[in-house]
Amino acid sequence: MKDKLEKEKEAAQPRALPPKQTVTLTINGTERQLELEPWVSLLDMLREQLHLTGTKVGCNHGQCGACTILLDGKRINSCLTLAVMHDGAEITTIEGLAKDGELHPVQQGFIVHDAFQCGYCTPGQICSVVGLVSEGKARTLDDIRDLMSGNICRCGAYNNIVKVVQEELERSKAQ
Amino acid sequence: MSTNQIGKPTNRVDGRAKVTGEAKYAAEFHVPDLAHGVVVNSAIAKGKIKKIDTSKAMAVEGVFKVITHENRKDYACYDKDFKDMDAPPGSPFRPLYNGNILFNMQPVALVVAETLELARYAATLVEVAYEEEAHETDFEANRGEAYVPEKYNSTTPPKPWGNPEEALAKADVKVEVEYAHPTEHHNPMEMHATVAVWEENGKLTVYDKIQGVENTLQYITSSFGLPKEKVHVLSPFVGGAFGSGLRPQYQSFLAVLAALELKRPVRVMLTRPQMFSFGHRPRTTQRFALGASKDGKLEALIQDVFAETSTFEDYSEDVVIWPGLLYKCDNMKFSHKLVALDEYTPLDMRAPGGTTGIFALESAVDELAYKLGMDPLVFRLKNYTDKDQNNDLPFSSKELRACYIQGAEKFGWEQRSKEPRSMRNGHQLVGWGVAHGAWEAQQAKASAKAVLTTDGKLTISSATADIGTGTYTVMTQIAAETLGLPLEDVTFKLGDTSLPFAPLEGGSKTVSTVGSAVKKVCEKIGEKLLRLAQQQANSPLKDAELKDVTFTDGRLHLKSDTAKAVSFKEIMQLGQREQLEEEVSSKPSEEQKKFARFAHSVAFVEVKVDEDLGAIQVSRIVTAIAGGRIINPKTAKSQIMGAAVWGIGVALEEESVMDNNYGRFMNHDLEKYHVPVNADVHDIDVIFVEEQDTIVNALGAKGLGEIGIVSIAPAIVNAVFHATGKRIRHLPIKLDKLL
Amino acid sequence: MKPFTYSRANEERAAVKEIAASKGAKFIAGGTNLLDLMKMNVMQPAHLVDITHLGMKAIEENQAGGLRLGALVTNADTAYHPLVEQRYPLLSHAILAGASAQLRNKATDGGNLLQRTRCDYFYDTQTACNKREPGTGCSAIKGYNRNLAILGTSEYCIATYPSDMAVALAALEAKVNVTGPDGDRVIPMGDFHRLPGDTPHIDTNLQENELITSIDLPAKGFADHYAYVKVRDRASYAFALVSVAAGLELDGDTIKEARVALGGVAQKPWRLPEAEAMLQGQQASKENFGKVAAAYLQGAKGYGDNDFKIELAKRAIVRALLLATEMEGKS
C-alpha cells in the first residue's frame, strides 16, 4: 500500500513530455500519417490536428455521445480512446458519410424528419444510427430508444431521430 | 409556385451544413498559430487568493503564459463597463479582476499553451493558496435574510387587487402549500467557447458562443476600452444555449484578454464541469395560498416567492405574473424576494420564471381541484380569464379554450378515472394530469438589410442568432414569401456584427422581432421594384399601386391581370441597376401596448409509475399550442417536442446539487446531472390551434421557444399525483420520493 | 491530464514484466474509465502499456463445461455472443443494462471489473476523498451521497463499485483468471473486489502488477429462471441506484438453488450465500422472497440522501426473484 501511495505522489510532480509517435490511420478512406504524443485522444486528433470538426466535443468523458465515430465500422466515443492505440485502424467520421456529394440516407433522413435543432449532437447521432443499423440488434421501438440513449440531444429531437432509425432499419432490411 | 412559403413544413435551410459536419461552431474556427487557453477554477466559494504560484506551469515547454489577477493587463474597472445587454442590477463579475473569490469554481487563472493537451496539463500545475471565509450557499438556511430588491430585472410584481386575505379566510376550500424548484444548469451540448483572433493592425475577430453577437461586441469593447470598429464578432452556429448564451460568459472575456496580451489568436473552450460555474436557473421556493367557493370559483390567491441570487447581482425573473394571466380571480397578491448566496448570478434558462412559477401554480390549482372534487380541466374552464388582470388589459388573442378542447379530445381526457390511484397496468400505476401555461409574445426593435441582384438572388441579413430555433429557415421563408421568390434564391445571414442590429435571441421573440424587420425590408425592395418598373415607358404596371401587385416566382404582376407582369431581372436590367439594396428598422406598434400579448399552451400527460420501485415513465404527452401564425410547422413542432422533453427533465431529472460544506455544485457533469435520454421519451403529440392575431406583430406569429415547456412539468406532477395519490411539491420527482 | 509514455505489448509475459519494471505504470485496454479518470487527474499513470494486441479476445468453452470470456472481449461482443445469450442471459441482460452502445463497443470484460467508483467527490480533485488521496477524509459521508453505498461501508469511504456486468458475474460465481510476476492464479468473483475498511484506495485484490487474462463462467447459467433488475434515475445511460441479479433453479414451485447479487449498494457486488440458502427447498413466493430481501439488507446503513436505497433494494430483490420465477411478466 505504501508503495502505491508513493508512486502516486511522484506522479503529481511535473513530468517530462513524452516523445511523439508515428500513427497511420485511414480516415474517411484516406490514409493519414501523423506524429502524435500519446496523450492525444482520437477526438482531439480529428478536431485539432486534422480540423475535422464535424466530430463534436460535448463532455470529453463518454457522457454524451457527441463525439461518436465509427472505428473499424463500430460506433465508439472518440473522446475516450487514445489516437496512438489505433495505428492501422479505419475511421469514418461525419465528413466521410456522404459519397461524391450525395448524402448518406441517414443524413438525408435527419433533414427530412427534422431530427435536430442546434445540430451540435447531430454528427454523433448520425454516426450512432449508422453503427446501430449495422449492429443489427434493434428489433423494437424500445430497443431503438435504448440503443440510441448514448447520444444526448439537449434540443430534444429524440422522436424525430427514432423515425430516421426506423426508416433506415427498413431500408437496410429491404437491401 | 413560390408563394405561400409561410406555413409550409420546409426542411431547415441549414440542414445540409449540420448533417455533414460543415456547420462551424465557435471553437471550430482554426487559424494559424492558434493558442489554447484552459481555465483554472477556484476550489472555494468565498475568500481571497493568498498566493497563486504559476512557476511549475510556466516551466512546461510550450506554455506561453499563465494569466492571473496579479499579472493581467489593465482593463476597465467600473461596473458599467462590464454591464452586458442582459446584466441584472448590481456589480457584474469581472474575471481575474482581483484575488477575491465570490463563488466556487470562479476562474482564477488562464493557462495559454501551444496545444490543447499542454494547456490542460499545465492547468493542473497551477497552485493556489486561499484564505477561506465562511460561505453561505444554503438556500433554506438563508431564507430569513430574503429581501425585496431595489430593482427587479424582471417585471415588477403586480400590485395586489381585491382583498386576498379576507377572501381566503372566507373561502370554502383552501390550499396552503409550499413548492420548491431546484437549481438547474442549461447544459447545451456545445460547451461555451470563444476564438479571439488578434491581427497585426490591432483588429480583433471574435468567434463566440452567444445568443446575439451585439452583446459580445458591447461587452468586449467596453470592458477592454476598444473601439467598436476594431472588433468583429461572429457566431454563425450555436450548439444550443437555452439562455446560457444570453450573457458573454467568462471564456469570451478570457480569450480576448489572452489574445490582446499575447498578440496572437487564442481559443478558450470550457469543460463540462465548468459549464456549472456560471449562470443557472435559480432555486425558487413558492408559498401558495388558494381559496375557492364550493362550486369551484377561485376566490383568493396569494403567491410568495423566494429565489436565489448572487451576492453581487440581483437577478429576478417573472415568477409571479402567471396567476393574473391564467385565472380569473378578484383577490390576488404577490411577493418576490431574493436570497443572496455565495454563488454565481442566476441566468435566464428556457422560460425563466414561467417554468418555476407555472409548475407551482398549476400544481396548487390541481390540489385545489381535487379538494373540490372537480375535474381539473373543468376548474380551469370555470376560472378562465379573458383579461390580463395584472395590467387590466385585454388579450390580443387567446385561443386557450381551443387548446383545451382539441388537446382533451386527442388525449381522450373524458375517459379519465376520477380518483387518484385508480388506474393500473400490472405493477404500474397509471395517472393522467393536465396543466396549462402562457408565455409572453414580445417584439423588440431590430434592423434588417436586403440586397436583390440581377440574377434574382436575394440576400437578407440581420445580426440575430440561430440557436437551433430555426432562424435561418423561417427568415428565409418570410423573405421568400414577401417577394415571391423560390426558397433557394434567398439567403439569410446572421450572427455577425457587421450586419444590421438585432437584439439577443431570447424570450421567444426572434420571429416576431427579426421576422417583422425582414418582412418590412422585403416590402421596401418590392416597392423599389415597382417604382423602377414604372420608370420604363410602356410599363404594364404603370398606374399600379403596391396593393395592386403581387410578387410571384421572381416576377411582379398585377393582381387583376397576371399577364401584366415583368420579371425582377428585366426591371433591374432596364433600370440599369446591378442591385437593389434596402435597410430598415422595425419596432413594435403603439397599438400593441393596449393589449396583453401571450402565447398559450395546455399539456395532457400520462405517466406510468412502478408501484414498488417508484420509477416513472412519461408514456404519453399531448400538448396543444396557441402561438399565433405558425411560420414553419415542421421546425415549430420540433421546438415544442423539444420543450416537452425539457419538461420531462424539469419534472423528473434535473437538479444541480449544492454541497453546502464546499459551497460547490457536486454533480457537475452529464453523468451526474441527468437530462433526458432517448429512452426517457415516448409519444409526444403536438397540436397547433388556429389563432389569428393582427396586433402582436406584422406576421401574426407569437414565438414558440418557451411556450412548449411551461405546462409540461406541472402536468407530469399532476399525473404522478393521479397515479400514486402522492403530491410531490419538490422537483425533481426522483423515484425515492415515491417509495 | 498528466504526460505519460506509451508502449504496446505484444505478449502477455512481456506486458507483465514491463508493468512491473515501470513506476506508476498501468495497463490500458478499452480505456473508457481509465482515460476518463486521467482527464480528471484522478488517476495519473506515468506509463501506459497497451494490451489490446495481446489476444485474449475469444469466448470459448472451458474445461468445467462453462464459458471462458477473454479479458479483452468487449462488453458488447460478450452480451451478444450466441453462447452467452443462450446459456447466460443474466449476464447479457446485465451488460446491456449498463453504459451505452458506444461504451460497450470499447469497454472490455477485464476492464469492467476494474471500473472505479463514480462518487462525485472521487472525481473532483478539489474535494477530500480517501479513495483518491488516502488520509484526506471522506466528503461524501456528510455531503451528497444519494448514489453511494449502504452496505460494507467504513468511516473512511462509502463509495460504490458501479458495474452491472460484475453483479451478474457475482451471482453466477464466475472466477477471474489473472497472471502476474509470480505466475497465474484464480480469484473467485466474491473475493475480487474489496470493501473500503481503512484502505479505501485499494479497490480489488488484484495485485499491483497482475493482469486479468480471462473470466470463467461455471456450467450453471440459470438460463431458465433469471432476472436483472436495474433501478436508476433515468431509463437508460445511468448508473444503478440499486440493481439485482437473480438466478433460480426451480423444481416446480420449489426452489432448488437461488442466487442473488446486489449492485449499486457497496464497493463490491453484494452476495449473501447464507441468505440465498434460506430459499433452498422453499416455495417460490413473495413472502419468502421478502425474507431473503430483509436478510440481505440487515445491517445496511444510510447516510442521509441514500437512506431510501435500503427499502428500494429490498423491493428490487423481491421484484427480481418474482421475475425470475416468472410470477410477473418480464419488463
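Predicted model: local features only at pLDDT ≥ 70, side-chain atom pairs only at ≥ 80, totals over all residues.
Strand β1 (residues 35–41) of chain B is largely enclosed by the rest of the structure, because seven of its seven residues are buried, that is, under 20% relative accessible area. In a regular strand the side chains alternate between the two faces of the sheet. In β1(B), B:A35, B:G37, B:V39 and B:N41 point one way, whereas B:H36, B:V38 and B:V40 point the other way, and all are buried. Two pairings of β1(B) may be described. With strand β5 (residues 107–113) of chain B, β1(B) forms six bridges in the antiparallel sense, and B:G37 has B:V112 as its bridge partner there. With strand β11 (residues 266–269) of chain B, β1(B) runs parallel and is joined by three bridges; B:H36 is partnered by B:R267.

In chain C, five strands form an open sheet in the order β4-β5-β8-β6-β7, with antiparallel pairing. Its edges are β4 (59–61) and β7 (183–188), each of which pairs on one side only. Neighbouring strands of this sheet are turned by 25 degrees against each other on average, direction ignored. Within the sheet, β5 (residues 67–70) and β8 (residues 211–217) of chain C are linked by four bridges in the antiparallel sense, with C:L69 opposite C:I215 of β8(C). Helix α1 (residues 12–21) of chain C lies across β6 (175–180), β7 and β8 of that chain, at about 70 degrees to β6(C).

Methods:
Residues numbered from 1 in each chain as written. Chains lettered and ligands numbered in written order. Heavy atoms only, no water. Pairing = 2+ DSSP bridges. Axes fitted to C-alpha atoms, helices over the stretch in contact; angles between N-to-C directions. Contact = heavy atoms within 4.5 Å. Buried < 20%, exposed > 50% of the residue type's maximum accessible area, 1.4 Å probe, protein only.
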